[in-house]
Amino acid sequence: MLTVLFDGLAYGMLLFVLAVGLSVTLGLMNFINLAHGAFAMAGGYIAVVMMQRFGLSLFWGLPVAFLVTAAAGAFLERTLYVRLYDKPHLEQVMFTIGLVFMSVAGVDYFMGASPQIVNVPDALDGNIDIGDVSLNKYRLFVIAFCAILTIALQLGLSKTRFGSRLRAAVDDARVARGLGINVTTIFALTFAFGSGLAGLGGALGSAIFSLDPQFPLKFMIYFLVVIAVGGTTTITGPFFASILLGVADVAGKYYTPNIGGHKIQIGGFVIYTIMVLVLIFRPQGLFGRAQGK
Amino acid sequence: MNAKITRRHTLAALALAATALSPFAAHAEDVVKVGVILPMTGPSASTGREIAAAIKLFQEQKGDKAGGKKVEVIIKDDTGVADITKRLAQELVVNDKAAVIAGFGLTPLALAAAPIATQAKVPAVVMAAGTAIITEASPYIVRTSFTLPQNTMPIAQWAVKNGIKKVVTLVSDYGPGIDAEKTFVATIKENGGQVLESLRSPLKNPEFAPFLQKAKDLKPDALFLFVPSGQGAALMKQVSERDFAKEGIKVIGTGDVTDDEQLNNMGDAVLGMITSHNYSADHDSPENKAYVAAFEKANPGLRPNFMSVGGYDGMALIYAALDKTKGDTDGTKLVEAMKGMSWTSPRGPISIDPETRDIIQNVYIRKVEKKNGQLYNVEFETMANIKDPFKAAKAAKK
């Protein structure tokens, strides 16, 4: 039971790091970036290349994955995304889904279609036994790492000057500009940071689930569910939504109820049921504020 | 929708029949086209690449002549989507006038092409897909890969012999997985064993953790695993995380899990794992040594797996059938020629069952060991000439 909770927590934390960037671009910048998963995949593959080709440990892979995907995010934002900010949502969706397919085909071509294997650093390999519960060290590390990251993000957004500028820019870009805030730069930095987080999540996650070129498509659904359930206006919303979904998903797969002699595999649709219920009763998301504008 | 498709196929078949009868076709073309449909991209691309490499190797070794004709192979990519397989099969038969279609990386893909084979009377050689019922979908389907019941029964018997009483099964939730589960469960139960739980994970599942945890908590003597080629590494990584050995739980499975193509990347965690399968790159025979050497030379960094050998033998079967009909490409005659054919493949002696058109082959029990710094499935027991148990049981009932 506790192990299920623990695995769910680790899974949820990972989902959060992967999806939080999307929540920022969607909620704060009002831009639908379905290609978010492509950045996560890029981060994962960067970690893989670092480890397999250069023999470095995952500890080095994580910061590099973050920096490189953030740089890639900044570059794409400046060259491509910036042209689509004021376009209708449908165009943004078409554009970013196109990017997803390009990334899938590109990675398939250069890295091959088979899943990549990431070996966990020796220090994090194995389990720790606490009483009856045996906890995997790497998952423990993921939980701790993501928890610190979440607190840092929340503080960064609410307490720093950059955070308040960003919120101002989002609330009313014109007035913010009038007050001398460089809105364009702030958006670019935010986008890059969100992409970097996705890359970091991809690198962290690559050691837990399989990393293959289909990654952005497989996880797109999960990202969107997290955003739909958590709402997009806060950091805490997607955070709790991710945890909820991670635990529900793992627990749903663990407990297969037996109805009339048939095994019912509820695991697959627990999270979708949650999403539907949330959307019916709280369309703005569990933790979202009602739409202001 | 069905009616529409059937009519289109009938038309296709009629068009074919018309060309066959027309005087122009009597020129007896000297080229025999073999249309191979494989997933060359997408999630099952590794299957396609292995088979395509094996086909190329076969033609380099044996030349392109069979039955006095030139054999031309056309490879098409269906990306692993059944609708595309069906369309490509139709195009190959109608436009390219393929005399034989082959390939089929996954069960749904083989089943999608079956009606085309039946209506156009074109042999379809299944080189990869492994669900038992496939050969029943059309009298023109012949298989050179394996069936899941065939590969599963031996490991179940091995488990019984080695004192394993309580088991948990975990398979991918689709045709072959269910075949494997049913066969394993039936064999264990027949021998007085106990199946604590049969778990099925979705085919596209990034997280095996909850299923594995469940299996561990049930404390069986052994956990039986099946996932399709390509997913083994991801599964085994999560298996090693759970430390089953410490609880005294043996992890066993079919050889799909310890797929030769990925085995080396799985790390020492898989050392000692016992599986049963129809092919290992380590199989000790002169034919296999030559095959592996030639394959690895032509494809640096790629080890031939069971998919590749299905493709290699599929080509061998097509060549032999053409030799037997002396170049006659009539589909019915070709299938007749294939029935009962037997030869020595890199995997050992194999033959085509004349009743079911399915493959009869040895299945080996293997253990993952380290040889010259590389991981291999080392065979230590042979179960000779296994017929597909699923169809054998059916025949026995009749």
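Residues are numbered from 1 along each chain as its sequence is written, and chains are lettered from A and ligands numbered from 1 in the order in which they are written. As the model is predicted, local features need pLDDT of at least 70 and side-chain atom pairs count only at pLDDT 80 or more, whereas totals for chains, interfaces and linings use all residues. The model scores ipTM 0.70 and pTM 0.79.

Chain B is divided into domain 1 (2-146 + 287-357) and domain 2 (149-277 + 362-397), with bounds that come from an automatic or database domain assignment. The centres of the two domains of chain B, taken over C-alpha atoms, are separated by 29 Å, and 18 residues of domain 1 are in contact with 18 residues of domain 2. To the side of domain 1 that touches domain 2, helix H2 (45-62), helix H11 (306-324) and strand E13 (348-352) of chain B each supply at least two residues; helices (H or I, at least four residues) and strands (E, at least two) are DSSP runs, numbered from the N terminus. The largest share of this side, three residues, comes from H2(B).

An open sheet of six strands in chain B has the order E2-E3-E1-E4-E5-E6 with mixed pairing, where two strands pair if DSSP finds at least two bridges between them. Its edge strands, E2 (65-66) and E6 (141-143) of chain B, each pair on one side only. Strand E1 (residues 31-38) and strand E4 (residues 100-103) of chain B run parallel and are joined by four bridges, with Val34(B) opposite Val100(B) in E4(B).

In strand E7 (residues 166-172) of chain B, six of the seven residues are buried, that is, 20 or more other C-beta atoms, placed from the backbone, lie within 10 Å of their own. E7(B) pairs in the parallel sense with strand E8 (residues 194-201) of chain B over seven bridges, and Leu170(B) stands opposite Leu199(B) in E8(B). Five bridges also join E7(B) to strand E9 (residues 222-226) of chain B, again in parallel, where Val171(B) stands opposite Phe226(B).

Notes:
Buried ≥ 20, exposed ≤ 12 C-beta atoms within 10 Å, placed from the backbone. Contact = placed C-beta atoms within 7 Å.
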